[in-house]
Amino acid sequence: MPNRMLHVPTADGRADAFVAFPDRGERHPGVLMYPDGFGIRPVVREMARELAGHGYYVLVPNPFYRHGPAPVIELPEHIGEEDRPAVFARLMPLIEEHTAERSLKDADAYLGFLTTRPEVAAGPVAVTGYCIGGLLATRTAAAHPGRVAAVAAFHAPVGADGPGSLAAITAQAYFGHAASDLTPESLGELNRALDAAGVDHTSEIYPGTVHGFTMSDTDSFGPAALERHWDRLLTLLDRTLTAG
């Protein structure tokens with residue numbers, strides 16, 4: 001399977017990114033995958049390859065490219081609870097500087113890049129993301145209603161920009177929440193906001209999970225939850241990008 005690092009031209013420079021796609025001479029639907037705050041690393045590359053193996057061209061950008069190539073900060077091989085304070089002390093300033101304005105400029109560049117790739121099929125794309133990457137995914141979907149057919153986010157603060165941002169989403173949406181992130185009451189409020197906005201969505205809590213459950217290089221990892229994530233994500237992509 002072809003996979004490599006490359007660079008995407010943006011308004012502020014060049015973003016390094018990982019791409020993976022099937023080793024076949026045909027075009028494949030494009031998927032923009034935003035990593036979690038820890039960024040591009042072996043587990044994220046493996047997830048991109050897994051998704052590409054189902055027939056997609058997957059682009060994983062480094063959201064913090066303005067601060068250097070991935071990995072922007074040094075990470076332990078396994079990110080345990082004891083590592084998080086030191087890691088987040090370095091990571092949070094980068095997240096805070098990555099404003100909505102910056103993320104939307106970058107989204108324009110990433111989606112534009114997908115249209116230039118000879119391996120990517122014409123037509124709409126999907127956007128997915130993890131943790132802060134899930135918020136970037138929802139922002140991208142809201143800003144590009146005619147270009148994004150599906151958006152998925154996992155253990156992500158999808159409502160952080162307020163109900164108005166959700167109202168702009170025309171893509172089919174799937175949100176998988178960690179039990180440590182949302183109470184059933186908060187989930188109900190979010191889903192009512194999505195309903196009021198007319199968003200075609202499924203939004204659910206994964207029982208017994210904590211924030212970061214998809215990432216196998218952290219103490220938050222939940223193997224069963226990761227499999228459920230794949231089932232939900234692949235079903236969404238099959239329905240919106242490959243049906244018919």
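Author: Welcome! A definition to start with: helices are DSSP runs of H or I with at least four residues, strands are DSSP runs of E with at least two, and both are numbered from the N terminus. Please keep in mind that this model is predicted.

Reader: Thanks! Where does P71 sit by that numbering?

Author: P71 belongs to the loop that links β4 (57-61) and α2 (84-97). A cis peptide bond connects A70 to P71, with omega at about -5°.

Reader: Which parts of the chain hold C131 and H155?

Author: C131 is in the loop between β5 (125-130) and α4 (132-143). H155 has its place in the loop between β6 and α5 (163-167). Each has a backbone feature to look for: C131 is not a glycine, yet its phi is positive at about 55°. H155, also not a glycine, has a positive phi of about 35°.

Reader: What makes H155 count as buried?

Author: Buried means under 20% relative accessible area. H155 has 1% relative accessibility, so it counts as buried.

Reader: And why is H211 called partly exposed?

Author: The partly exposed class lies between the 20% limit for buried and the 50% limit for exposed. H211 has a relative accessible area of 28%, so it is partly exposed. You can find H211 in the loop between β8 and α7.

Reader: Which residues does H211 touch, apart from its neighbours within four places in sequence?

Author: H211 is in contact with C131, H155, A178, S180, D181 and S220. As a distance to look up, the C-alpha atoms of H211 and I95 are 17 Å apart, while 116 residues separate the two along the chain.

Reader: Let's turn to E204. Is it buried or exposed, and how do you know?

Author: With the limit for buried at under 20%, the 17% relative accessibility of E204 means that it counts as buried. E204 is part of strand β8 (residues 201-206). Beyond its neighbours within four places in sequence, E204 has contacts that include Y174, H177, R228 and R232. From E204 to Y110, 94 residues away along the chain, the C-alpha separation is 28 Å.

Reader: How many aromatic pairs are found in the whole structure?

Author: A search finds six. One of them is F154 with Y174.

Reader: What makes the pair of Y206 and F213 stacked?

Author: Planes under 30 degrees apart count as stacked. Y206 and F213 have 25° between their planes and 4.9 Å from centre to centre, and the pair is stacked. Y206 counts as buried at 1% relative accessibility, and F213 does at 0%.

Reader: Now the helices. Why are α3 and α4 called roughly perpendicular?

Author: Angles of 65 to 115 degrees fall in that class. Helix α3 (residues 100-116) packs with α4 at about 70°, their axes 10 Å apart, and the two are therefore roughly perpendicular. Their crossing is right-handed. On the α3 side the contact is made by A100, S103, L104, A107 and L111, and on the α4 side by L136, R139, T140 and A143. These residues divide into six nonpolar, two polar and one charged.

Reader: And how do you know that α1 and α7 are oblique?

Author: Under 35 degrees would be roughly parallel, and roughly perpendicular begins at 65. The axes of α1 (residues 42-52) and α7 (residues 223-242) cross at roughly 45° and come within 12 Å, and the helices are therefore oblique to each other. This crossing is right-handed. M47, E50 and L51 of α1 make the contact with L226, H229, W230, L233, L234 and L237 of α7. By type, the contact has seven nonpolar residues, one polar and one charged.

Notes. Residues numbered from 1 in each chain as written. Predicted model: local features only at pLDDT ≥ 70, side-chain atom pairs only at ≥ 80, totals over all residues. Heavy atoms only, no water. Axes fitted to C-alpha atoms, helices over the stretch in contact; angles between N-to-C directions. Parallel < 35°, antiparallel > 145°, perpendicular 65-115°, else oblique. Left-handed = near helix turned anticlockwise from the far one by under 90°. Contact = heavy atoms within 4.5 Å. Nonpolar A, V, L, I, M, F, W, Y, C, P; charged D, E, K, R; others polar. Phe/Tyr/Trp six-rings, centres within 6.5 Å; stacked < 30°, edge-to-face > 60°. Buried < 20%, exposed > 50% of the residue type's maximum accessible area, 1.4 Å probe, protein only.
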